[in-house]
Amino acid sequence: MLAQSHRIFSIALVEFGLIATDSFLTHPASNIALLLATGIGASLPDIDQHNSKVSRKSPINFSMFLRHRGITHSLLGWIIFAVILYFLMNLLIPLKPIQLSPFVLPNIWGSLWLGLVIGYFLHLVEDSFSKQGVQWLAPFYKKKGRPLLYYKVGGPFEKFLAMIAYIAVIIMTVYWVWLMICPMPRA
C-alpha cells in the first residue's frame with residue numbers, strides 16, 4: 001500500500017475497534033492520541049525505502065543499509081521497534097499500563113506508544129496482502145510465493161479500499177462527535 005492508504009486504513013481499523021469495544025468515549029484525548037499515533041506508526045516500516053515520506057523526513061538514510069521489505073517488514077523488526085520505543089519513551093516519562101476503565105485518568109503517553117506499535121503492526125498485516133507480501137519470520141525463515149489473495153500497490157483495489165476507509169473514518173468520527181454532544185442514556 002501507499003503511505004496514505006496505510007495511514008487511513010489503519011486509523012479506520014483502530015477507530016472501529018474503539019467504537020466496537022465502547023471505549024471511545026471514556027478518555028477522548030487518549031483515543032485521539034491513539035488514532036494520530038496509529039497513523040504515524042503505519043508509515044514507519046517503510047523507513048527502509050529511499051523515496052518514502054517517512055524516509056525523506058528521517059535524518060538517517062536507512063535505505064543505505066536496510067533493504068526494502070527486509071527486517072522492518074518482519075515480526076522480529078516489529079518486536080525490536082516496540083521494545084526500543086518502550087524503553088526510549090520510558091526514559092523520558094515512565095509509561096503506565098493502559099487501562100480502559102472510566103475510573104482511570106487518561107494515559108496519553110501510553111496511548112502514543114500503543115498507537116505507534118499498533119500502526120506499525122497493521123502496516124505489516126496490510127502489506128501481507130500485497131503482491132510482494134511480507135516475510136513475517138525473516139531473517140530466520142524466508143517464505144516463497146504469493147499470498148492467496150493479493151492486491152497491486154497503488155492499483156485500483158488499493159484505491160477502492162482507501163476510499164472505503166476514508167468514508168468509514170468520516171462516518172465513525174461523526175458518530176463519535178454526535179455521541180459526545182448528545183450522550184445516550186445508559187440502562
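**Figure 1. His 68 in the loop between H3 and H4.** In this predicted model, His 68 is placed in the loop that runs between H3 and H4, and with a relative accessibility of 28% this residue counts as partly exposed. The C-alpha atoms of His 68 and Gln 49 are 5.4 Å apart in space, although 19 residues separate the two in sequence. When neighbours within four places in sequence are left aside, the contacts of His 68 are with Asp 46, Asp 48, Gln 49 and His 73.

**Figure 2. Ser 74 and the backbone of Gly 77.** Ser 74 also belongs to the loop between H3 and H4, but here the relative accessibility is 0%, so Ser 74 counts as buried. A polar atom of the Ser 74 side chain lies 3.1 Å from the backbone nitrogen of Gly 77. Beyond its neighbours within four places in sequence, Ser 74 is in contact with Leu 124, Gln 135, Trp 136 and Ala 138.

**Figure 3. His 6 in helix H1.** His 6 is a residue of helix H1 and has a relative accessible area of 0%, which means that His 6 is buried. Its side chain makes a polar contact, at 3.0 Å, with the side chain of Asp 127. Apart from residues up to four places away in sequence, His 6 touches Met 1, Ala 42, Asp 46, His 123, Glu 126 and Asp 127; Asp 46 is also among the residues in contact with His 68.

**Figure 4. The largest pocket and its lining.** The largest pocket has a volume of about 460 Å³, and of the 24 residues that line this pocket, those closest to its centre are Leu 2, Ala 3, Asp 46, Ser 52 and Lys 53. Two or more lining residues are given by each of helix H1 (3-20), helix H2 (28-41) and helix H3 (53-57). Sorted by class, the lining of the largest pocket consists of nine nonpolar, eight polar and seven charged residues.

**Figure 5. The second largest pocket and helix H4.** The second largest pocket holds about 320 Å³ of space and is lined by 14 residues, with Ile 47, Thr 72, Gly 77, Phe 81 and Tyr 120 lying nearest its centre. Helix H4 (residues 75-92) supplies the largest share of this lining, namely six residues. By class, the lining of the second largest pocket comprises twelve nonpolar and two polar residues, with no charged residue. Gly 77, one of the residues nearest the centre of this pocket, is the residue whose backbone nitrogen lies 3.1 Å from a side-chain polar atom of Ser 74.

**Figure 6. Segments annotated as transmembrane, within the whole chain.** In the unreviewed UniProt entry, the annotation "transmembrane region" covers residues 75-95, 107-125 and 160-181. Over residues 107-125 the model is 95% helix and 0% strand, with the end C-alpha atoms 26 Å apart, while residues 160-181 are 100% helix and 0% strand, with a separation of 32 Å between the end C-alpha atoms. The protein chain as a whole has six helices and zero strands, and its elements follow the order α-α-α-α-α-α from the N terminus on. Of the 187 residues in the protein chain, 40% are buried, and among contacts between residues at least 6 apart in sequence, 65% join residues at least 24 apart.

Key
Residues are numbered from 1 along each chain as its sequence is written. This is a predicted model: local features need pLDDT of at least 70, side-chain atom pairs count only at pLDDT 80 or more; totals for chains, interfaces and linings use all residues. Side-chain values use heavy atoms; hydrogens and water are left out. UniProt positions are given in the numbering used here, feature names are shortened, and annotations may be inferred rather than shown by experiment. Helices (H or I, at least four residues) and strands (E, at least two) are DSSP runs, numbered from the N terminus. On a 1 Å grid over the protein atoms alone, a cavity is a set of points where a 1.4 Å probe fits but cannot get out, and a pocket is an open set with protein on both sides within 12 Å along at least five of seven lines; lining residues have an atom within 4 Å of a point. Grid points are joined across faces, edges and corners, and a volume is the space filled by probe spheres set on the points. Ala, Val, Leu, Ile, Met, Phe, Trp, Tyr, Cys and Pro count as nonpolar, Asp, Glu, Lys and Arg as charged, and the others, Gly among them, as polar. Buried means under 20% relative accessible area, exposed over 50%, partly exposed in between (1.4 Å probe, protein chains only). A polar contact is a pair of N or O atoms within 3.5 Å; within protein, one must be able to donate a hydrogen and the other to accept it, and residues adjacent in sequence count only if both atoms are side-chain atoms. Contact means heavy atoms within 4.5 Å.
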